[in-house]
Amino acid sequence: MSEFKLDFQDTATAFADKSNSQLKEKYRLFKLLNSPFLNAIGTRSAKFALALGLPVEGLIKRTIFEQFCGGETIEECEEAIIELGNANIGTILDYSVEGQMRMEDFDHTKDEIIRTIKRAKDDPNIPFAVFKVTGIAPLGTLERLSAKRKLDAKSQAKCERIHNRVSEICEYAYSVGQPVLIDAEESWIQDAIDRLATQMMERYNLEKPIVFNTVQLYRTGRLSYLKEARRRATNDGYIFAVKLVRGAYMEKERARAKEMDYLSPIQPNKESTDRDYDAAVDYCLNHIDDDAFVAGTHNEESTHHLAQKMHERGLPNNHPNIFFSQLYGMSDNLSYILAKHGYNVSKYVPYGPVKDTIPYLIRRAHENSAAAGQISRELELIGKELKRRKSG
Ligand SMILES: Cc1cc2nc3c(=O)[nH]c(=O)nc-3n(C[C@H](O)[C@H](O)[C@H](O)COP(=O)(O)OP(=O)(O)OC[C@H]3O[C@@H](n4cnc5c(N)ncnc54)[C@H](O)[C@@H]3O)c2cc1C
């Protein structure tokens, strides 16, 4: 077997479409996010200032929003779609409005998600649509459903409306043949999301993978869940489609478990999460003729692991059932280098009104400031490229 290596340090490819000033701006922003103190103060005071109606929106828009979001509307994302498309990277339009509570907001978000599917249809630059169930459903109802608590008539009616919204989105996706990802969220509402996603897969994944559920491998027991979900799909005669992620709510999960005195659902350490993530990738690869999966990760080792396993199995880089995905503004070295080698790769491009995307931006800021995390990798790569350009 010939030695296999993808060079994710090739910064010339990773930043080919960034000007020097764009790179310097990116460097400044990541440097700022790198300070945990500033990060905590910044994100908290941004929320506070927005709540008070202080004029910080412009500042947020020009800095962190521009780095991690495509714009406030689908139209404003067109530039990002083209820029990524020119590098053979797909866009996943992610309407990132979170924390809504009113029925009319949920209906509005559902309509907007359908608009993203309409925009994606027939455009090879937009391989997937995506949504979060909490964007179209009240948290309390999802929590009651997940806890299998008895529902009163009012909750029952809300439940039906949630089901209708999810069905409407997936039905439309199916009618135009556009695959759609359903994001995974907090463990105490995930059971309801899993059940909805499974029902949608049963209904719409008959000819090709349309609905993809998400499995978070930072949770103990999710590798077994993945296997069980796949077995069920095979027995019931539909295509199993899944996005594999590590999981974005670790601190929140641990804090809640501690506060409410139950065993944390999170793996004991990072190594266990990494081990289960790669095992999940291997499991999906074992069934790749029948299933489809998206590896949603910024982890270089896991990305390389998947590419290497594909190589060892003699699978083509552009295998129709295997997708790599990253988030806009992060890990361009993975996305651009995978694309250069012909892998199917796409990026979530979040969008929405600045103030409504704050929870998303806060998660990215926290993730980026985590010790030994993303930030040092990003800074190192940008620094390396700036140096290379200077000496070149
Ligand atoms: C395209 C895409 C889609 C995504 N969709 C979702 C989604 O639907 N739902 C969701 O929850 N997240 C989602 N995420 C975010 C993802 O779950 C991770 O938070 C993020 O990508 C960082 O993990 P990583 O695999 O990139 O790599 P790394 O940076 O190597 O891993 C960091 C992750 O490892 C885990 N971890 C870190 N420390 C520990 C520890 N001490 N013990 C146990 N585990 C630990 C945590 O999950 C942490 O986020 C998505 C990410 C991408 C790129």
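1. A residue is counted as near a molecule or strand if one of its heavy atoms lies within 4 Å of it. Of the 27 residues around the ligand, the nearest are Gly-247, Thr-273, Thr-297, His-298 and Asn-299.

2. Two remarks on the basis of this note. The model is predicted, so that local features need pLDDT of at least 70 and side-chain atom pairs count only at pLDDT 80 or more, while totals for chains, interfaces and linings use all residues. Numbering starts from 1 along each chain as its sequence is written, and side-chain values use heavy atoms, with hydrogens and water left out.

3. Polar contacts are pairs of N or O atoms within 3.5 Å; within protein, one must be able to donate a hydrogen and the other to accept it, and residues adjacent in sequence count only if both atoms are side-chain atoms. A polar backbone atom of Gly-247 lies 2.6 Å from an oxygen atom of the ligand. A polar side-chain atom of Lys-243 is 2.8 Å from a ligand oxygen atom, and an N or O atom in the side chain of Arg-254 is 3.3 Å from a nitrogen atom of the ligand. The ligand taken alone exposes 930 Å², of which the protein buries 88% (Shrake-Rupley accessible areas with a 1.4 Å probe; for residues, only the protein chains shown count as cover).

4. Helices (H or I, at least four residues) and strands (E, at least two) are DSSP runs numbered from the N terminus. Two or more residues of the shell around the ligand are given by each of strand S4 (211–216), strand S5 (241–245), helix H11 (250–259), helix H12 (270–286) and strand S7 (322–327). S7 gives the largest share, three residues. By class, the shell holds eight nonpolar, 12 polar and seven charged residues (Ala, Val, Leu, Ile, Met, Phe, Trp, Tyr, Cys and Pro count as nonpolar, Asp, Glu, Lys and Arg as charged, and the others, Gly among them, as polar).

5. The pairing of S5 is as follows (two strands pair if DSSP finds at least two bridges between them). S4 and S5 run parallel and are joined by four bridges, with Val-245 of S5 the bridge partner of Gln-216. The chain passes from S4 through helix H10 (residues 222–236) to S5 in a right-handed β-α-β crossover; right-handed means that, with the strands pointing away from the viewer, the path from the first strand over the helix to the second runs clockwise. S5 also pairs in the parallel sense with strand S6 (residues 292–296) over four bridges, and Phe-293 in S6 is the bridge partner of Val-242.

6. Two residues other than glycine with positive phi should be noted. Lys-148 has phi near 55° and is found in the loop between helix H7 (139–146) and helix H8 (153–176); Lys-148 is exposed, with a relative accessible area of 61%. Asp-261, with phi near 60°, is found in the loop between H11 and H12 and is exposed at a relative accessible area of 70%.

7. The loop between H11 and H12 also holds Ser-264. Ser-264 is partly exposed, because its relative accessible area is 24%.

Methods. Buried < 20%, exposed > 50% of the residue type's maximum accessible area, 1.4 Å probe, protein only.
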